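This briefing is meant for a reader meeting the structure for the first time. Please look over the sequence and the model before reading on.

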Amino acid sequence: MMIAELLEKAKNASEQLKMLSPDVINKILLDIADLCDSNQSFLLKENEKDLALMDKKNPLYDRLKLTNKRLDDISSQIRKLVELPSPLNRVLSREVRPNGLDISKISVPFGVIGIIYEARPNVTSDAAALCLKSGNVTILRGGKEAINSNIAIVNALREGIKLSRLPEDAVQ
């Protein structure tokens with residue numbers, strides 16, 4: 001896929017995502033956590049493909065390795081994120097000017113956030129979940145050492161988003 005097409009899909013998804021209520025976003029996050037739980041065996045199998053290509057002595061090996069516990073932690077962290085207050089539409093400051101003009105600073109999503117990171121599959125879910133919680137679309141680029149793991153995790157994330165009938169391109 002060409003980068004222009006990727007960005008166009010992200011922009012379109014952003015337009016829809018910014019209209020969602022915090023409750024809908026939290027529902028999406030819970031669906032994603034559930035899918036991470038129910039797809040653990042597949043995620044571990046994909047992670048094994050990545051691990052097979054890396055020397056066990058490589059310091060990145062442990063960061064790359066997923067276990068049932070680490071996958072439980074991923075879904076647990078997503079569920080904890082749901083419990084946090086929404087960062088959206090908060091009035092950060094407000095001032096009424098002498099001429100009566102009312103000026104407010106309100107938190108809003110950026111729109112699309114790109115993230116580049118190393119061979120840590122848990123960052124894939126953490127970054128995507130944080131972006132969704134804040135109403136942002138994310139384009140992820142993990143290290144090549146974790147390609148199979150990251151694709152499997154992103155597919156679970158996108159499936160969770162699709163359950164809510166939203167554009168799965170909110171996570172790419």
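The model is predicted, and its protein chain has seven helices and four strands. Read along the sequence, these elements follow the pattern α-α-α-α-α-β-β-β-α-β-α.

**The chain as a whole**

- The C-alpha atoms of the protein chain fill a box of roughly 70 × 35 × 30 Å, taken along the principal axes.
- Of the 172 residues of the protein chain, 42% count as buried.
- When the contacts in the protein chain with a separation of 6 or more are considered, 70% of them are accounted for by residues 24 or more positions apart.

**Packing of α2 against α5**

- Two packed helices are described by the angle between their axes and the distance between the axes.
- Helices α2 and α5 pack at an angle of about 170°, with their axes 9 Å apart, and they are therefore roughly antiparallel to each other, since an angle over 145 degrees counts as such.
- On the α2 side the contact is made by Asn 26, Leu 29, Leu 30, Ile 32, Ala 33, Asp 34, Cys 36 and Asp 37, while α5 contributes Asp 72, Ile 74, Ser 75, Ile 78, Arg 79, Leu 81 and Val 82.
- By class, this contact of α2 with α5 has nine nonpolar, two polar and four charged residues.

**Packing of α3 against α7**

- The axes of helix α3 (residues 40–52) and helix α7 (residues 147–163) come within 7 Å and cross at roughly 160°, and the two helices are therefore roughly antiparallel to each other.
- In this contact, Phe 42, Leu 43, Glu 46, Asn 47, Lys 49 and Asp 50 of α3 meet Ile 147, Asn 148, Ser 149, Ala 152 and Ile 153 of α7.
- The residues of the contact of α3 with α7 divide into five nonpolar, three polar and three charged.

**Salt bridges**

- Side chains of opposite charge can pair when their charged atoms come close.
- A search of the whole structure finds 15 salt bridges, and the points that follow describe some of these.
- Lys 27 and Asp 31 meet through their side chains in a salt bridge, at 2.9 Å from N to O, and both residues lie in helix α2 (residues 22–38), four residues apart, about one turn of the helix.
- Within that pair, Lys 27 is partly exposed, with a relative accessible area of 45%, whereas Asp 31 is buried, with a relative accessible area of 10%.
- Asp 37 forms a salt bridge with Arg 79, in which the closest N and O atoms are 2.9 Å apart.
- This pair links distant parts of the chain, with Asp 37 in helix α2 and Arg 79 in helix α5 (residues 68–83), 42 residues apart.
- Asp 37 is partly exposed, with a relative accessible area of 30%, and Arg 79 also counts as partly exposed, at 26% relative accessibility.
- Asp 34, Asp 37 and Arg 79 are linked in a network of salt bridges.
- The side chains of Arg 158 and Asp 169 meet in a salt bridge of 3.2 Å from N to O.
- Arg 158 lies in helix α7 and Asp 169 in the segment after α7, so the pair ties together parts that are 11 residues apart in sequence.
- Arg 158 is buried, and so is Asp 169.

**Cysteines**

- A disulfide is a covalent bond between the sulfur atoms of two cysteines.
- The count of disulfides comes to zero.
- Cys 36 is in no disulfide, and the nearest cysteine sulfur, that of Cys 131, is 15 Å away, which is too far for a bond because a disulfide needs the sulfur atoms within 2.5 Å.
- Cys 36 is buried, with a relative accessible area of 3%, and Cys 131 likewise counts as buried, at 5% relative accessibility.

**Glu 118 in its loop**

- Glu 118 has its place in the loop between β3 (112–116) and α6 (121–133), and at 36% relative accessibility Glu 118 counts as partly exposed.
- Leaving aside its neighbours within four places in sequence, Glu 118 is in contact with Leu 60, Arg 63, Gly 142 and Gly 143.
- Glu 118 and Gly 142 are 24 residues apart along the chain, and their C-alpha atoms are separated by 5.5 Å.

How values were computed
Residues are numbered from 1 along each chain as its sequence is written. This is a predicted model: local features need pLDDT of at least 70, side-chain atom pairs count only at pLDDT 80 or more; totals for chains, interfaces and linings use all residues. Side-chain values use heavy atoms; hydrogens and water are left out. Axes are lines fitted to C-alpha atoms, for helices over the stretch in contact, and angles run from 0 to 180 degrees between N-to-C directions. Angles under 35 degrees count as roughly parallel, over 145 as roughly antiparallel, 65 to 115 as roughly perpendicular and the rest as oblique. Contact means heavy atoms within 4.5 Å. Ala, Val, Leu, Ile, Met, Phe, Trp, Tyr, Cys and Pro count as nonpolar, Asp, Glu, Lys and Arg as charged, and the others, Gly among them, as polar. A salt bridge is a side-chain nitrogen of Lys or Arg within 4 Å of a carboxyl oxygen of Asp or Glu. Buried means under 20% relative accessible area, exposed over 50%, partly exposed in between (1.4 Å probe, protein chains only).
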